[in-house]
Amino acid sequence: MTHPRPGQPSCSAITEDRLTLSWGASTDNVGVAAYDIYEHGNKISEAAGSATSKALTGLSPNTTYNLTVIARDAAGNASAASPVVDCTTSKSTDTTAPSRPGTLSVANVTANSAELSWGAATDDRAVVGYDVRSGTTVYKTVTGTSTSLTGLACDSPYGLNVVARDAAGNVSEQSNTVSFTTKACVTDGGVPSSIATVSSGWTIPWGTYWMPDGQTALVTERDDFRVWKVTKDGTKTQVGTVPNAVTTNGEGGLLGVAVDPKWETNHYVYFMHTASEGNRVVRMTYNGSSLTGYTVLLQGIKKNRYHNGGRLIFGPDGYLYVSTGEAQTPDLAQDKNSLNGKILRMTTDGKAAPGNPFNNYVYSYGHRNPQGLAFDRNGRLWEAEFGNSSKDELNLIKPGANYGWPTCEGTCDVSGMTNPKKTWNVSEASPSGIAIVRNVIYIASLRGERLWRIPITGDTENVGTATAYYVGTYGRLRTVTKVPGADQLWLSTTNCDNNGGEADGSDKIFRVSIS
(Lines give C-alpha, C1' and ligand atoms only; values in the text may rest on other atoms or scores of the structure.)
Protein backbone atom coordinates (compact mmCIF):
# COMPACT_ATOMS: atom_id res chain seq x y z
CA MET A 1 0.00 0.00 0.00
CA THR A 2 1.36 3.41 -0.98
CA HIS A 3 0.57 6.45 1.08
CA PRO A 4 0.94 10.08 0.07
CA ARG A 5 4.03 11.56 1.61
CA PRO A 6 3.67 14.53 3.98
CA GLY A 7 4.03 18.01 2.55
CA GLN A 8 7.09 20.24 2.68
CA PRO A 9 8.28 20.69 6.29
CA SER A 10 9.29 24.03 7.73
CA CYS A 11 10.79 25.22 10.98
CA SER A 12 9.74 27.99 13.36
CA ALA A 13 10.27 29.08 16.97
CA ILE A 14 13.96 28.25 16.63
CA THR A 15 16.14 28.70 19.70
CA GLU A 16 19.51 27.33 20.67
CA ASP A 17 18.13 23.99 21.86
CA ARG A 18 14.69 23.57 20.30
CA LEU A 19 12.54 24.26 17.25
CA THR A 20 9.03 23.54 16.01
CA LEU A 21 8.80 21.41 12.88
CA SER A 22 5.62 21.76 10.79
CA TRP A 23 4.52 19.83 7.69
CA GLY A 24 1.61 19.36 5.33
CA ALA A 25 -0.79 16.60 6.34
CA SER A 26 -0.75 13.26 4.54
CA THR A 27 -3.95 11.49 3.56
CA ASP A 28 -4.62 7.80 3.93
CA ASN A 29 -7.59 5.60 3.26
CA VAL A 30 -7.55 4.25 6.82
CA GLY A 31 -6.14 7.32 8.54
CA VAL A 32 -2.71 8.42 9.59
CA ALA A 33 -1.86 6.98 13.00
CA ALA A 34 1.41 8.81 13.52
CA TYR A 35 4.14 10.87 11.91
CA ASP A 36 7.76 9.76 12.35
CA ILE A 37 10.44 12.45 12.26
CA TYR A 38 13.86 11.49 10.93
CA GLU A 39 17.21 13.26 11.00
CA HIS A 40 19.66 11.80 8.47
CA GLY A 41 18.03 8.37 8.62
CA ASN A 42 17.64 8.17 12.41
CA LYS A 43 14.21 8.50 13.97
CA ILE A 44 14.36 11.27 16.57
CA SER A 45 10.70 11.90 17.39
CA GLU A 46 7.12 11.17 16.45
CA ALA A 47 3.79 12.98 16.51
CA ALA A 48 0.15 11.95 16.60
CA GLY A 49 -1.59 11.34 13.30
CA SER A 50 -3.79 14.36 13.90
CA ALA A 51 -0.79 16.67 14.32
CA THR A 52 1.03 18.67 11.68
CA SER A 53 3.75 20.06 13.94
CA LYS A 54 6.07 18.91 16.68
CA ALA A 55 8.39 20.71 19.10
CA LEU A 56 11.85 19.15 18.96
CA THR A 57 13.80 19.71 22.15
CA GLY A 58 17.24 18.88 23.51
CA LEU A 59 18.98 20.07 20.36
CA SER A 60 22.52 21.40 20.11
CA PRO A 61 23.15 25.11 19.49
CA ASN A 62 24.29 26.36 16.09
CA THR A 63 23.66 22.95 14.51
CA THR A 64 21.96 22.13 11.22
CA TYR A 65 19.35 19.36 11.36
CA ASN A 66 18.38 17.59 8.11
CA LEU A 67 14.73 16.68 8.72
CA THR A 68 12.10 14.61 6.96
CA VAL A 69 8.66 13.36 8.02
CA ILE A 70 7.04 9.98 7.28
CA ALA A 71 3.35 9.19 7.72
CA ARG A 72 2.41 5.85 9.26
CA ASP A 73 -1.00 4.18 9.50
CA ALA A 74 -2.24 1.84 12.22
CA ALA A 75 -1.12 -1.21 10.22
CA GLY A 76 2.45 0.10 10.17
CA ASN A 77 2.41 1.07 6.48
CA ALA A 78 4.68 4.05 5.91
CA SER A 79 4.74 6.75 3.28
CA ALA A 80 7.73 7.95 1.34
CA ALA A 81 9.75 10.55 3.20
CA SER A 82 8.59 14.13 2.88
CA PRO A 83 10.76 16.69 1.12
CA VAL A 84 13.78 17.69 3.15
CA VAL A 85 14.21 20.79 5.28
CA ASP A 86 17.49 21.92 6.82
CA CYS A 87 16.99 23.87 10.05
CA THR A 88 19.79 25.46 12.03
CA THR A 89 19.46 26.19 15.72
CA SER A 90 20.52 29.54 17.09
CA LYS A 91 23.94 30.26 18.45
CA SER A 92 24.12 29.84 22.18
CA THR A 93 24.10 32.84 24.50
CA ASP A 94 26.81 30.97 26.38
CA THR A 95 30.05 31.83 24.61
CA THR A 96 32.45 31.01 27.42
CA ALA A 97 34.46 27.84 26.88
CA PRO A 98 35.42 25.56 29.75
CA SER A 99 38.92 25.79 31.16
CA ARG A 100 41.66 23.56 29.85
CA PRO A 101 41.58 20.08 31.44
CA GLY A 102 44.30 19.27 33.93
CA THR A 103 47.36 17.17 33.18
CA LEU A 104 46.63 14.13 31.03
CA SER A 105 48.49 10.90 31.84
CA VAL A 106 48.48 7.36 30.49
CA ALA A 107 48.93 4.02 32.26
CA ASN A 108 48.56 0.27 31.73
CA VAL A 109 49.18 0.26 27.99
CA THR A 110 48.43 -3.11 26.34
CA ALA A 111 48.31 -4.27 22.72
CA ASN A 112 44.89 -2.68 22.22
CA SER A 113 44.04 -0.55 25.25
CA ALA A 114 45.29 2.18 27.53
CA GLU A 115 44.03 3.93 30.67
CA LEU A 116 43.84 7.72 30.63
CA SER A 117 43.20 10.21 33.43
CA TRP A 118 43.22 14.01 33.63
CA GLY A 119 42.28 16.89 35.86
CA ALA A 120 38.76 18.30 35.81
CA ALA A 121 37.93 21.43 33.81
CA THR A 122 35.61 24.18 35.06
CA ASP A 123 32.93 26.21 33.29
CA ASP A 124 30.74 29.22 34.08
CA ARG A 125 27.71 26.91 33.74
CA ALA A 126 28.73 23.25 33.60
CA VAL A 127 31.10 20.86 31.89
CA VAL A 128 28.97 18.17 30.23
CA GLY A 129 31.68 15.94 28.79
CA TYR A 130 35.23 15.32 27.70
CA ASP A 131 36.40 14.22 24.25
CA VAL A 132 39.45 11.97 24.04
CA ARG A 133 41.07 12.80 20.72
CA SER A 134 43.87 12.05 18.31
CA GLY A 135 44.51 15.50 16.90
CA THR A 136 40.92 16.61 16.39
CA THR A 137 39.44 13.15 15.75
CA VAL A 138 37.31 11.94 18.67
CA TYR A 139 37.98 8.42 19.89
CA LYS A 140 35.58 8.52 22.81
CA THR A 141 33.36 10.90 24.78
CA VAL A 142 33.03 10.50 28.57
CA THR A 143 31.59 12.42 31.49
CA GLY A 144 34.26 11.63 34.10
CA THR A 145 37.97 12.41 34.26
CA SER A 146 39.31 8.96 33.41
CA THR A 147 38.58 6.22 30.93
CA SER A 148 39.82 2.91 29.60
CA LEU A 149 40.39 3.40 25.90
CA THR A 150 39.85 0.13 24.02
CA GLY A 151 39.90 -0.87 20.37
CA LEU A 152 43.38 0.53 19.74
CA ALA A 153 45.53 -0.97 16.98
CA CYS A 154 48.43 -3.10 18.25
CA ASP A 155 52.08 -2.09 17.83
CA SER A 156 51.01 1.43 16.85
CA PRO A 157 52.01 4.92 18.01
CA TYR A 158 49.39 7.22 19.55
CA GLY A 159 49.32 10.86 20.52
CA LEU A 160 46.16 11.70 22.46
CA ASN A 161 44.68 14.80 24.06
CA VAL A 162 41.50 15.73 25.92
CA VAL A 163 39.13 18.70 25.58
CA ALA A 164 36.17 19.70 27.74
CA ARG A 165 32.74 20.68 26.36
CA ASP A 166 29.78 22.53 27.81
CA ALA A 167 26.10 22.27 26.88
CA ALA A 168 26.42 25.12 24.38
CA GLY A 169 29.07 23.23 22.44
CA ASN A 170 31.93 25.45 23.54
CA VAL A 171 35.20 23.50 23.52
CA SER A 172 38.16 24.14 25.79
CA GLU A 173 41.78 24.34 24.82
CA GLN A 174 43.20 20.87 24.50
CA SER A 175 45.18 19.31 27.29
CA ASN A 176 48.77 18.27 26.94
CA THR A 177 49.35 15.41 24.50
CA VAL A 178 50.43 12.01 25.80
CA SER A 179 52.40 9.80 23.43
CA PHE A 180 52.75 6.02 23.68
CA THR A 181 53.03 2.90 21.54
CA THR A 182 50.74 -0.07 22.08
CA LYS A 183 52.28 -3.47 22.73
CA ALA A 184 53.18 -5.99 20.03
CA CYS A 185 50.44 -7.73 18.09
CA VAL A 186 49.51 -11.12 19.49
CA THR A 187 47.51 -12.82 16.75
CA ASP A 188 47.83 -15.44 14.04
CA GLY A 189 45.25 -13.79 11.81
CA GLY A 190 47.42 -10.90 10.71
CA VAL A 191 46.87 -7.17 11.08
CA PRO A 192 46.83 -4.24 8.61
CA SER A 193 50.47 -3.40 7.96
CA SER A 194 50.37 -0.86 5.13
CA ILE A 195 47.89 1.16 3.10
CA ALA A 196 48.25 2.80 -0.31
CA THR A 197 45.94 4.53 -2.78
CA VAL A 198 44.96 2.22 -5.66
CA SER A 199 42.59 4.55 -7.50
CA SER A 200 41.26 8.10 -7.06
CA GLY A 201 38.71 10.42 -8.69
CA TRP A 202 35.65 8.49 -7.50
CA THR A 203 32.21 9.81 -6.52
CA ILE A 204 30.51 7.51 -3.98
CA PRO A 205 31.93 4.12 -5.04
CA TRP A 206 29.41 1.83 -3.36
CA GLY A 207 29.79 -1.76 -4.51
CA THR A 208 32.95 -3.72 -5.37
CA TYR A 209 33.00 -7.32 -6.64
CA TRP A 210 35.91 -9.26 -8.11
CA MET A 211 35.71 -11.12 -11.40
CA PRO A 212 36.41 -14.88 -11.26
CA ASP A 213 39.89 -14.37 -12.75
CA GLY A 214 40.85 -12.30 -9.69
CA GLN A 215 42.52 -9.67 -11.86
CA THR A 216 39.76 -7.06 -12.24
CA ALA A 217 36.85 -5.88 -10.15
CA LEU A 218 33.55 -4.21 -10.99
CA VAL A 219 32.80 -1.05 -9.01
CA THR A 220 29.51 0.89 -8.90
CA GLU A 221 29.00 4.60 -8.24
CA ARG A 222 25.80 5.19 -6.30
CA ASP A 223 24.45 8.52 -7.55
CA ASP A 224 25.83 8.49 -11.12
CA PHE A 225 24.74 4.88 -11.83
CA ARG A 226 28.10 4.18 -13.50
CA VAL A 227 29.86 0.82 -13.54
CA TRP A 228 33.64 0.53 -13.90
CA LYS A 229 36.14 -2.26 -14.28
CA VAL A 230 39.26 -1.70 -12.22
CA THR A 231 42.48 -3.68 -12.53
CA LYS A 232 44.60 -4.67 -9.55
CA ASP A 233 46.94 -1.77 -10.27
CA GLY A 234 44.03 0.70 -10.20
CA THR A 235 43.45 1.31 -13.91
CA LYS A 236 39.73 2.03 -14.31
CA THR A 237 37.53 1.91 -17.40
CA GLN A 238 33.81 2.67 -17.51
CA VAL A 239 31.88 -0.30 -18.88
CA GLY A 240 28.40 1.21 -18.79
CA THR A 241 25.55 2.44 -16.64
CA VAL A 242 22.57 0.69 -15.10
CA PRO A 243 19.30 1.93 -16.64
CA ASN A 244 16.19 2.84 -14.67
CA ALA A 245 18.22 3.73 -11.56
CA VAL A 246 17.18 6.75 -9.48
CA THR A 247 18.45 8.36 -6.30
CA THR A 248 16.52 9.10 -3.10
CA ASN A 249 18.50 12.14 -1.92
CA GLY A 250 19.72 9.82 0.80
CA GLU A 251 20.98 6.23 0.62
CA GLY A 252 19.29 4.96 -2.55
CA GLY A 253 20.73 4.67 -6.05
CA LEU A 254 23.00 2.12 -7.73
CA LEU A 255 24.14 -0.05 -4.84
CA GLY A 256 25.52 -3.58 -4.81
CA VAL A 257 27.06 -5.59 -7.62
CA ALA A 258 27.80 -9.32 -7.90
CA VAL A 259 29.38 -11.45 -10.63
CA ASP A 260 27.91 -14.84 -11.51
CA PRO A 261 30.20 -17.71 -10.43
CA LYS A 262 29.62 -19.11 -13.94
CA TRP A 263 30.47 -15.81 -15.62
CA GLU A 264 32.93 -17.40 -18.06
CA THR A 265 30.02 -19.19 -19.74
CA ASN A 266 26.98 -16.95 -19.13
CA HIS A 267 28.57 -13.47 -18.75
CA TYR A 268 25.93 -12.47 -16.16
CA VAL A 269 26.39 -9.76 -13.53
CA TYR A 270 23.82 -8.57 -11.00
CA PHE A 271 22.97 -5.21 -9.48
CA MET A 272 20.68 -3.86 -6.79
CA HIS A 273 19.38 -0.37 -7.49
CA THR A 274 16.62 2.01 -6.59
CA ALA A 275 13.99 2.51 -9.29
CA SER A 276 10.77 4.50 -9.64
CA GLU A 277 8.63 1.96 -7.77
CA GLY A 278 11.17 0.68 -5.24
CA ASN A 279 14.41 -1.28 -5.07
CA ARG A 280 15.19 -3.96 -7.65
CA VAL A 281 17.61 -6.81 -8.18
CA VAL A 282 18.50 -6.94 -11.88
CA ARG A 283 20.73 -8.92 -14.22
CA MET A 284 22.84 -7.63 -17.11
CA THR A 285 25.32 -9.16 -19.53
CA TYR A 286 28.97 -8.10 -19.25
CA ASN A 287 31.36 -9.28 -21.96
CA GLY A 288 34.49 -7.98 -20.28
CA SER A 289 34.29 -4.52 -21.78
CA SER A 290 30.65 -3.37 -21.82
CA LEU A 291 27.27 -3.91 -20.21
CA THR A 292 24.21 -4.80 -22.27
CA GLY A 293 20.74 -6.08 -21.68
CA TYR A 294 18.66 -5.45 -18.58
CA THR A 295 16.45 -8.02 -16.89
CA VAL A 296 14.51 -7.38 -13.70
CA LEU A 297 14.79 -10.40 -11.41
CA LEU A 298 13.05 -9.10 -8.30
CA GLN A 299 10.86 -6.08 -7.63
CA GLY A 300 8.60 -5.09 -4.75
CA ILE A 301 11.41 -4.18 -2.34
CA LYS A 302 10.10 -0.94 -0.86
CA LYS A 303 12.35 2.11 -0.96
CA ASN A 304 12.63 5.27 1.09
CA ARG A 305 15.09 8.09 1.50
CA TYR A 306 17.15 5.92 3.85
CA HIS A 307 17.38 2.24 4.83
CA ASN A 308 17.57 0.59 1.40
CA GLY A 309 20.22 -2.03 2.22
CA GLY A 310 21.77 -2.98 -1.08
CA ARG A 311 24.61 -5.52 -0.72
CA LEU A 312 24.81 -8.56 -3.03
CA ILE A 313 27.01 -11.64 -2.60
CA PHE A 314 27.07 -15.16 -3.98
CA GLY A 315 27.24 -17.90 -1.39
CA PRO A 316 29.19 -21.16 -1.57
CA ASP A 317 25.86 -22.75 -2.52
CA GLY A 318 25.71 -20.73 -5.77
CA TYR A 319 22.72 -18.66 -4.68
CA LEU A 320 22.56 -14.86 -4.56
CA TYR A 321 22.18 -13.25 -1.13
CA VAL A 322 20.65 -9.76 -0.93
CA SER A 323 20.52 -7.34 2.01
CA THR A 324 17.43 -5.11 2.20
CA GLY A 325 16.60 -2.28 4.58
CA GLU A 326 13.22 -1.74 6.17
CA ALA A 327 12.63 1.46 4.14
CA GLN A 328 12.13 3.51 7.32
CA THR A 329 9.12 1.28 8.12
CA PRO A 330 10.34 -0.76 11.11
CA ASP A 331 7.39 -3.17 11.23
CA LEU A 332 8.35 -4.57 7.82
CA ALA A 333 11.45 -6.11 9.38
CA GLN A 334 9.27 -8.52 11.39
CA ASP A 335 6.89 -9.33 8.52
CA LYS A 336 8.06 -12.62 7.01
CA ASN A 337 6.01 -11.90 3.88
CA SER A 338 7.78 -8.59 3.25
CA LEU A 339 11.01 -8.32 1.26
CA ASN A 340 12.23 -5.46 3.48
CA GLY A 341 14.45 -5.66 6.55
CA LYS A 342 15.77 -9.03 5.41
CA ILE A 343 18.56 -11.10 4.01
CA LEU A 344 17.07 -12.63 0.87
CA ARG A 345 18.34 -15.76 -0.91
CA MET A 346 17.48 -16.25 -4.56
CA THR A 347 18.40 -18.09 -7.74
CA THR A 348 20.13 -16.46 -10.68
CA ASP A 349 16.88 -16.43 -12.65
CA GLY A 350 15.08 -14.46 -9.95
CA LYS A 351 13.22 -17.16 -8.03
CA ALA A 352 13.27 -17.86 -4.31
CA ALA A 353 16.10 -20.29 -3.60
CA PRO A 354 14.97 -23.82 -2.73
CA GLY A 355 15.20 -24.67 0.93
CA ASN A 356 14.57 -21.14 2.20
CA PRO A 357 13.04 -21.33 5.70
CA PHE A 358 9.66 -19.72 4.92
CA ASN A 359 9.23 -20.98 1.35
CA ASN A 360 9.73 -17.49 -0.04
CA TYR A 361 12.74 -15.22 -0.65
CA VAL A 362 13.38 -14.57 3.06
CA TYR A 363 16.50 -16.15 4.56
CA SER A 364 16.64 -14.13 7.82
CA TYR A 365 14.61 -11.24 9.19
CA GLY A 366 14.46 -8.55 11.87
CA HIS A 367 17.08 -6.37 10.16
CA ARG A 368 17.07 -2.54 10.15
CA ASN A 369 19.57 -1.57 7.44
CA PRO A 370 22.01 -4.39 6.66
CA GLN A 371 24.83 -3.52 4.26
CA GLY A 372 27.75 -5.85 4.99
CA LEU A 373 27.78 -9.49 3.86
CA ALA A 374 30.73 -11.93 3.86
CA PHE A 375 31.20 -15.71 4.04
CA ASP A 376 33.91 -17.22 6.24
CA ARG A 377 36.10 -20.27 5.60
CA ASN A 378 33.35 -22.52 6.97
CA GLY A 379 30.72 -21.14 4.62
CA ARG A 380 28.96 -19.15 7.33
CA LEU A 381 27.41 -15.77 6.54
CA TRP A 382 28.35 -12.69 8.60
CA GLU A 383 26.42 -9.42 8.37
CA ALA A 384 26.96 -5.81 9.51
CA GLU A 385 23.96 -3.62 10.33
CA PHE A 386 23.26 0.04 11.07
CA GLY A 387 21.60 0.77 14.41
CA ASN A 388 19.31 3.72 14.98
CA SER A 389 20.63 5.65 17.97
CA SER A 390 22.07 3.01 20.26
CA LYS A 391 23.99 0.05 18.82
CA ASP A 392 25.41 -1.08 15.49
CA GLU A 393 25.73 -4.83 15.04
CA LEU A 394 27.85 -7.66 13.68
CA ASN A 395 25.64 -10.73 13.22
CA LEU A 396 26.21 -14.37 12.34
CA ILE A 397 23.31 -15.15 9.99
CA LYS A 398 21.40 -18.39 10.26
CA PRO A 399 18.42 -19.41 8.12
CA GLY A 400 15.09 -18.45 9.65
CA ALA A 401 16.60 -16.49 12.53
CA ASN A 402 15.06 -13.24 13.81
CA TYR A 403 17.64 -10.50 14.49
CA GLY A 404 15.33 -8.35 16.56
CA TRP A 405 14.59 -5.01 14.90
CA PRO A 406 12.57 -3.05 15.92
CA THR A 407 12.00 -4.94 19.19
CA CYS A 408 15.72 -4.94 19.94
CA GLU A 409 18.63 -2.70 19.00
CA GLY A 410 21.81 -4.49 19.97
CA THR A 411 21.78 -7.20 22.61
CA CYS A 412 18.50 -8.02 24.38
CA ASP A 413 16.89 -10.89 26.24
CA VAL A 414 13.62 -11.15 24.32
CA SER A 415 12.66 -14.73 23.53
CA GLY A 416 13.01 -15.64 19.87
CA MET A 417 15.49 -12.89 19.05
CA THR A 418 19.05 -13.68 17.92
CA ASN A 419 21.67 -11.48 19.55
CA PRO A 420 24.60 -9.94 17.66
CA LYS A 421 28.13 -11.26 18.06
CA LYS A 422 29.49 -7.73 18.56
CA THR A 423 28.01 -4.26 19.04
CA TRP A 424 29.31 -0.69 18.84
CA ASN A 425 28.00 2.72 19.69
CA VAL A 426 26.72 4.28 16.47
CA SER A 427 29.29 7.10 16.72
CA GLU A 428 32.07 4.49 16.52
CA ALA A 429 30.84 2.56 13.52
CA SER A 430 27.83 2.89 11.17
CA PRO A 431 29.11 -0.26 9.46
CA SER A 432 28.74 -0.79 5.73
CA GLY A 433 30.88 -3.34 3.87
CA ILE A 434 32.65 -6.29 5.50
CA ALA A 435 35.33 -8.73 4.35
CA ILE A 436 37.16 -11.71 5.85
CA VAL A 437 40.91 -12.35 5.55
CA ARG A 438 42.61 -15.21 7.45
CA ASN A 439 39.60 -15.80 9.69
CA VAL A 440 39.40 -12.13 10.66
CA ILE A 441 36.43 -9.88 9.89
CA TYR A 442 37.07 -6.31 8.71
CA ILE A 443 34.26 -3.74 8.80
CA ALA A 444 34.30 -0.40 6.96
CA SER A 445 32.65 2.29 9.10
CA LEU A 446 31.03 5.48 7.87
CA ARG A 447 30.27 7.75 10.81
CA GLY A 448 33.03 6.08 12.83
CA GLU A 449 35.57 6.72 10.06
CA ARG A 450 37.59 3.64 10.94
CA LEU A 451 38.28 0.07 9.84
CA TRP A 452 37.31 -2.41 12.55
CA ARG A 453 39.19 -5.70 12.90
CA ILE A 454 37.32 -8.56 14.65
CA PRO A 455 38.93 -12.03 14.77
CA ILE A 456 36.72 -15.10 14.63
CA THR A 457 37.68 -17.45 17.43
CA GLY A 458 38.88 -20.51 15.52
CA ASP A 459 35.91 -22.34 14.04
CA THR A 460 33.54 -21.34 16.82
CA GLU A 461 30.65 -18.88 16.59
CA ASN A 462 32.44 -16.41 18.85
CA VAL A 463 34.61 -13.41 18.04
CA GLY A 464 37.48 -11.78 19.88
CA THR A 465 38.45 -8.22 20.74
CA ALA A 466 37.57 -5.55 18.17
CA THR A 467 40.34 -3.11 17.28
CA ALA A 468 40.21 -0.03 15.07
CA TYR A 469 42.55 1.23 12.35
CA TYR A 470 42.83 4.55 10.47
CA VAL A 471 40.51 6.37 12.90
CA GLY A 472 39.58 9.66 11.24
CA THR A 473 42.41 9.39 8.71
CA TYR A 474 40.51 8.76 5.48
CA GLY A 475 36.96 9.82 6.36
CA ARG A 476 33.86 7.73 5.70
CA LEU A 477 34.76 4.12 4.79
CA ARG A 478 32.08 2.35 2.74
CA THR A 479 33.20 -0.94 1.21
CA VAL A 480 35.95 -3.43 2.06
CA THR A 481 36.66 -6.45 -0.14
CA LYS A 482 39.27 -9.20 -0.02
CA VAL A 483 41.68 -9.15 -2.95
CA PRO A 484 41.70 -12.61 -4.58
CA GLY A 485 44.89 -14.59 -4.15
CA ALA A 486 46.43 -12.18 -1.64
CA ASP A 487 46.22 -11.21 2.01
CA GLN A 488 45.00 -7.78 0.99
CA LEU A 489 41.86 -5.66 1.14
CA TRP A 490 40.42 -2.99 -1.11
CA LEU A 491 38.90 -0.25 1.01
CA SER A 492 36.79 2.56 -0.48
CA THR A 493 35.58 5.89 0.86
CA THR A 494 32.29 7.69 0.28
CA ASN A 495 33.17 11.17 1.49
CA CYS A 496 31.20 12.66 -1.44
CA ASP A 497 27.85 11.49 -0.05
CA ASN A 498 25.38 13.81 1.66
CA ASN A 499 26.91 13.12 5.08
CA GLY A 500 30.52 13.53 3.94
CA GLY A 501 30.05 16.76 2.02
CA GLU A 502 33.24 16.50 -0.07
CA ALA A 503 33.36 17.55 -3.72
CA ASP A 504 32.59 15.04 -6.46
CA GLY A 505 35.69 13.06 -7.39
CA SER A 506 37.14 13.15 -3.89
CA ASP A 507 36.66 9.48 -3.07
CA LYS A 508 39.41 6.87 -3.25
CA ILE A 509 40.02 3.15 -3.20
CA PHE A 510 42.90 1.98 -1.00
CA ARG A 511 44.87 -1.27 -0.87
CA VAL A 512 45.48 -2.57 2.65
CA SER A 513 48.08 -5.31 3.17
CA ILE A 514 47.59 -7.82 5.98
CA SER A 515 50.69 -9.30 7.60
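Trainee: What share of the 515 residues in the protein is buried?

Mentor: Buried residues account for 55% of the 515. Please keep in mind that this is a predicted model.

Trainee: How many helices and strands are there in the protein?

Mentor: The protein has one helix and 38 strands. Its radius of gyration is 23 Å, close to the 24 Å from the globule rule for 515 residues, so the protein is as compact as a globular protein of that length.

Trainee: And what box do the C-alpha atoms fill?

Mentor: Along the principal axes, the C-alpha atoms occupy a box of roughly 70 × 60 × 45 Å.

Trainee: What part of the contacts with a separation of 6 or more comes from residues 24 or more positions apart?

Mentor: Such pairs make up 57% of those contacts.

Trainee: Let us move to the cysteines. How many disulfides does the count come to?

Mentor: The count is three disulfides. With the bonded cysteines numbered in sequence order, they pair as 1-2, 3-4, 5-6.

Trainee: Which residue is joined to cysteine 11?

Mentor: Cysteine 11 is bonded to cysteine 87, with an S to S distance of 1.8 Å. The link of cysteine 11 and cysteine 87 is right-handed, with 80° about the S-S bond. Cysteine 11 belongs to strand β1 (residues 10-12) and cysteine 87 to strand β7 (residues 85-88), so the bond ties together parts that are 76 residues apart in sequence.

Trainee: Is cysteine 87 buried or exposed?

Mentor: Cysteine 87 counts as buried, because its relative accessibility of 4% is under the 20% cut-off.

Trainee: Which residue does a disulfide join to cysteine 154?

Mentor: Cysteine 154 is bonded to cysteine 185, at 2.1 Å from S to S. The link of cysteine 154 and cysteine 185 has 90° about the S-S bond and is right-handed. Cysteine 154 sits in the loop between β12 (146-150) and β13 (157-166), and cysteine 185 in the loop between β14 (178-181) and β15 (192-202), so this pair ties together parts that are 31 residues apart in sequence.

Trainee: Why does cysteine 154 count as buried?

Mentor: Cysteine 154 counts as buried because its relative accessibility is 12%, whereas cysteine 185 is partly exposed, with a relative accessible area of 30%.

Trainee: What is the S to S distance for cysteine 408 and cysteine 412?

Mentor: The sulfur atoms of cysteine 408 and cysteine 412 are 2.0 Å apart. The torsion about their S-S bond is about 75°, so the disulfide is right-handed. Cysteine 408 is buried, at 4% relative accessibility.

Trainee: Where in relative accessible area does cysteine 496 stand?

Mentor: Cysteine 496 has a relative accessible area of 10% and is buried.

Trainee: Now the backbone. Is the peptide bond from tryptophan 405 to proline 406 cis or trans?

Mentor: The bond from tryptophan 405 to proline 406 is cis, and its omega is near 5°. Proline 406 is in the loop between β30 (391-397) and β31 (422-425).

Trainee: What is the phi of isoleucine 204?

Mentor: Isoleucine 204 has a positive phi of about 55°, although it is not a glycine. Isoleucine 204 is placed in the loop between β15 and β16, and it is buried, with a relative accessible area of 1%.

Trainee: And what is phi of asparagine 244 near?

Mentor: Asparagine 244, also a residue other than glycine, has a positive phi near 70°. Asparagine 244 lies in the loop between β19 (236-241) and β20 (254-259). With a relative accessible area of 45%, asparagine 244 is partly exposed.

Trainee: One more residue: in which strand does threonine 208 lie?

Mentor: Threonine 208 is part of strand β16 (residues 205-210). Threonine 208 is buried, at 12% relative accessibility.

Trainee: Which residues is threonine 208 in contact with, leaving aside its neighbours within four places in sequence?

Mentor: Threonine 208 touches Ala217, Leu218, Val219, Val257, Thr479, Thr481 and Trp490.

Methods:
Residues are numbered from 1 along each chain as its sequence is written. This is a predicted model: local features need pLDDT of at least 70, side-chain atom pairs count only at pLDDT 80 or more; totals for chains, interfaces and linings use all residues. Side-chain values use heavy atoms; hydrogens and water are left out. Helices (H or I, at least four residues) and strands (E, at least two) are DSSP runs, numbered from the N terminus. The radius of gyration is taken over C-alpha atoms; the globule rule is 2.2 Å times the number of residues to the power 0.38. Buried means under 20% relative accessible area, exposed over 50%, partly exposed in between (1.4 Å probe, protein chains only). Contact means heavy atoms within 4.5 Å. A disulfide is a pair of cysteine sulfur atoms within 2.5 Å.
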